Amino acid sequence: MIKSLHISNYTLFKSIDINFLDGFTVISGETGSGKSIMLDALTLLLGKRVDRFIDSNISEKSVIEAVLGLNSHHKLFFKQNDIDFDYETIIRREIYPNGKSRAFINDTPVLLNILNAFSHQFIEVFSQHEKLVFKNQSAQFSFIDHLACTNPILKEYKNVLSEYNQILRDIEAIDNNDSLSIAEIEFLEFQLNEIKDANISVNEKEEIEKKIGILENVETIAHTINDIESLVDGEQGILNSLNIIQRKLSNTDSLSVLSQRVESIVIELDDINSEINKIKNSLDEDPQELNNMLVRLDLINNLLHKHRLQFIDQLIDLKDNLYERIKNSGSSEILKKKKETELEKKKHELVNLVNEINDKRDSLLPNLIVSIEDILKKLGMPFARFNIIFNKTEDFHENGNTYMQMEFCANKGGKLQDLTKVASGGELSRLMLAIKYITAQRSNIGTLIFDEIDTGVSGEIASLMGEMMQSISKSEQLIVISHLPQIASKAKTHLKVVKRVVDNKTISEIIELDDEHRVEEIAKLLSGKNITDAAIKNASDLLNQ
């Protein structure tokens, strides 16, 4: 569960701290007070990418932080991602004015996908806009597969499907790679043999150019080395002078440190002198060797120029590619038959897996449909009918080989039709609450957040929805943003988002209502800004139900 939430410097929230309890918490507030901003901040904390939420007027970083109460079931995630586990875990998101952000779990920096995966294990946010779930096949299948417990099989199926699709791409590539003619093969063999005969090694070009540079300047280099030797190791050379200096310094204790430093210079200079002697001894003005080097360099440069390449490693890659093209040209049919055999094997695996998935989904439907219809009856829709149809296809996709259609009818004697075409906003709200009620009973999710999913309902139906939310809150922490007094009165805790002006700036705050102010707030939800005595009495009655 969420124990506390801190938001600082995020749009209208300058610095707020909210303590959440278990059970049912309702959040209310006037339109524009900041309820949506608070929810936006929370979704950012749960791993949503920064986009439209960034306020261009902000010059300091925004910080959103929550303390979460976890249990031992979550330890595996921490172990897999090398994060320290704590039963009171802190997640934090820092968002900078330039739109960049950083995420942390227990002060360990994590990637956004890790934060997202972690948060979705125990918090689920559902808003009124998510009624579009009925138009989203992936979301529909996710709901069914969660209840049917098919996810382990589905994961295996998706792995096999990925291999199956790769084989299809391989076969397509073989088909698109036209067979080579004899003349084309002979030309490729000529190019391959030409490169092979050159026997070029990596870095050879650079080594030859370096050697040519030396051979072409042997005389100049020799004169330079002789001059350096005279200056360094001659009778009046640097080494001799430094040795004298070092001996004089070593005779005086107070100058011993300087003596050691000079000694280091002598050692380094002596080493340089040895290297110079090696170069001198290696110099050999051999016109024939120079000519051989020049001929070899021309060969390499001609091959690079011929194939429009710059580097030797590209030439070596070309050699390998030529070899593969020649080899594959005569074996494409054999390779295709091999791939087709592999494809049939993978298809057989897919059929077995998808049949198992479909069986589990089909066995779930009767009880699920009855459960949803029973809940809808309790929510004031006595004649509501709901159905799910799986239409089989010949193709395999990420969710199997079927497409799902949800059907609905609210009225007695009516015909079941596509849900998205016949259900009103209030009907969709009740249906989504029914679905969330069922999934909550079979979920390890610790916290559910509903953002105005009661849109389109009122009166007795709203009261029934509130009772169902109370029921959900017995097993999960439930946080609900609502304008309806019938729902607000059912909550255990009531928070209110308010706006006020401080130093000529508008800010939002969140306060926890005591009993007296809670009656006043529910009365305001009942009657508007002008609170009447009747509204106060109705509010008290609602809270005492």
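Helices (H or I, at least four residues) and strands (E, at least two) are DSSP runs, numbered from the N terminus.

A word on ground rules. This is a predicted model, where local features need pLDDT of at least 70, side-chain atom pairs count only at pLDDT 80 or more, and totals for chains, interfaces and linings use all residues. Residues are numbered from 1 along each chain as its sequence is written, and side-chain values use heavy atoms, with hydrogens and water left out.

**The whole protein**

In all, you get 19 helices and 15 strands. The C-alpha trace spans about 115 × 85 × 40 Å along the principal axes. The radius of gyration (taken over C-alpha atoms) is 39 Å, while a compact globule of 545 residues would come out near 24 Å; that globule rule is 2.2 Å times the number of residues to the power 0.38.

As for burial, 42% of the 545 residues count as buried. Buried means under 20% relative accessible area, exposed over 50%, and partly exposed in between (1.4 Å probe, protein chains only). Of the contacts with a separation of 6 or more, 69% link residues 24 or more positions apart; a contact means heavy atoms within 4.5 Å.

**Back to Ser 4**

Ser 4 has a relative accessibility of 18%, so this residue counts as buried. Leaving aside residues up to four places away in sequence, Ser 4 touches Ile 18, Asn 19 and Phe 20, plus Glu 65, Ala 66 and Val 67.

**The aromatic rings**

The structure holds 8 aromatic pairs. Rings of Phe, Tyr and Trp (its six-membered ring) pair if their centres lie within 6.5 Å; planes under 30 degrees apart count as stacked, over 60 as edge-to-face and the rest as tilted. Here are two of the pairs:

| Pair | Centre to centre | Angle between planes | Type |
|---|---|---|---|
| Phe 78 and Phe 85 | 5.0 Å | 85° | edge-to-face |
| Phe 85 and Tyr 87 | 5.0 Å | 80° | edge-to-face |
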